[in-house]
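Subject: A structure for you to look at

Hi,

I am passing a structure on to you, with some notes on what turned up in it. Have a look at it first, and then read on.

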Amino acid sequence: NLLGLIYEEWNDFDKSKEYHLKSLDLNRKANKVYDMAYNYNSLGALYLKMNKIDEAVGFFMKSLTLREQIRDEDGMSQSYVNLGNCVHRSGDYVKELEYYSKALPIARKLGNINRLSIISQALGEIYSDKAQFSKADSLLQDALAIARQVNNKKVLRNIYGSLIAMEQRRHG
């Protein structure tokens with residue numbers, strides 16, 4: 001699975017898919033449900049990156065189903081966030097808010113600061129898209145403050161990108 005993630009970072013999607021599927025096959029044979037859920041999540045992320053939304057949703061749903069079966073709350077929260085990311089591209093804000101609303105209390109309960117920042121950013125983007133800039137700005141500033149606690153540079157970069165996009169929409 002790590003090789004799949006590495007190839008995905010290098011944008012070699014065919015190799016990434018090959019390694020993710022190999023890992024999934026090994027985990028199926030060993031009946032490692034937790035790891036299978038992780039494999040499906042990785043495949044969903046890969047397909048989302050390739051902009052194949054329907055396939056990504058299918059993999060994320062498979063991941064979520066397994067995570068629900070084994071009561072992996074952190075994984076469920078991740079799946080909800082990923083499903084929200086898929087729905088964001090369609091502009092279905094009601095469904096998107098539903099997914100983030102499911103992810104948020106779990107992330108709070110578990111103290112997953114990184115995920116809390118991602119959720120706040122996503123919510124900020126929703127309100128930015130809806131031209132509710134005051135609410136968007138507040139959520140994005142919250143996301144920024146949370147992300148600074150863990151100093152995840154990739155998440156920080158994404159939040160700054162969302163702030164820039166919001167300002168461009170506002171003054172646009």
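A residue is called buried here when its relative accessible area is under 20%. Please keep in mind that this is a predicted model.

Let me start with the whole chain. Among contacts with a separation of 6 or more, 48% are made by residues 24 or more positions apart.

As for the surface, the protein chain exposes about 9,200 Å², and carbon and sulfur atoms supply 51% of that area. There are 25 positive and 21 negative side chains, with the centres of the two sets 2 Å apart.

Helix α8 covers residues 133-150. From first C-alpha to last, these 18 residues reach 26 Å, close to the 26 Å expected at 1.5 Å a residue. Which residues of α8 are buried? They are Phe133, Ala136, Leu139, Leu140, Ala143, Leu144, Ile146 and Ala147. Their cover includes α7 (113-129) and α9 (153-171).

The residues around this helix deserve a look too. Ala131 sits in the loop between α7 and α8, and although Ala131 is not a glycine, its phi is positive, about 60 degrees. With a relative accessible area of 48%, Ala131 is partly exposed. After α8 comes Asn151, which also has a positive phi, near 55 degrees.

Asn11 is a residue other than glycine with a positive phi, near 60 degrees. Its relative accessibility is 49%, so Asn11 counts as partly exposed.

Leaving out residues up to four places away in sequence, Asn82 touches Asn41 and Phe60.

Best wishes

How values were computed. Residues numbered from 1 in each chain as written. Predicted model: local features only at pLDDT ≥ 70, side-chain atom pairs only at ≥ 80, totals over all residues. Heavy atoms only, no water. Contact = heavy atoms within 4.5 Å. Areas by Shrake-Rupley, 256 points an atom, 1.4 Å probe, with all protein chains shown as cover. Lys, Arg positive; Asp, Glu negative; His and termini not counted. Charge placed at Lys NZ, Arg CZ, Asp CG, Glu CD. Helix = DSSP H or I, 4+ residues; strand = E, 2+ residues; numbered from the N terminus. Expected span 1.5 Å × (residues − 1). Buried < 20%, exposed > 50% of the residue type's maximum accessible area, 1.4 Å probe, protein only.
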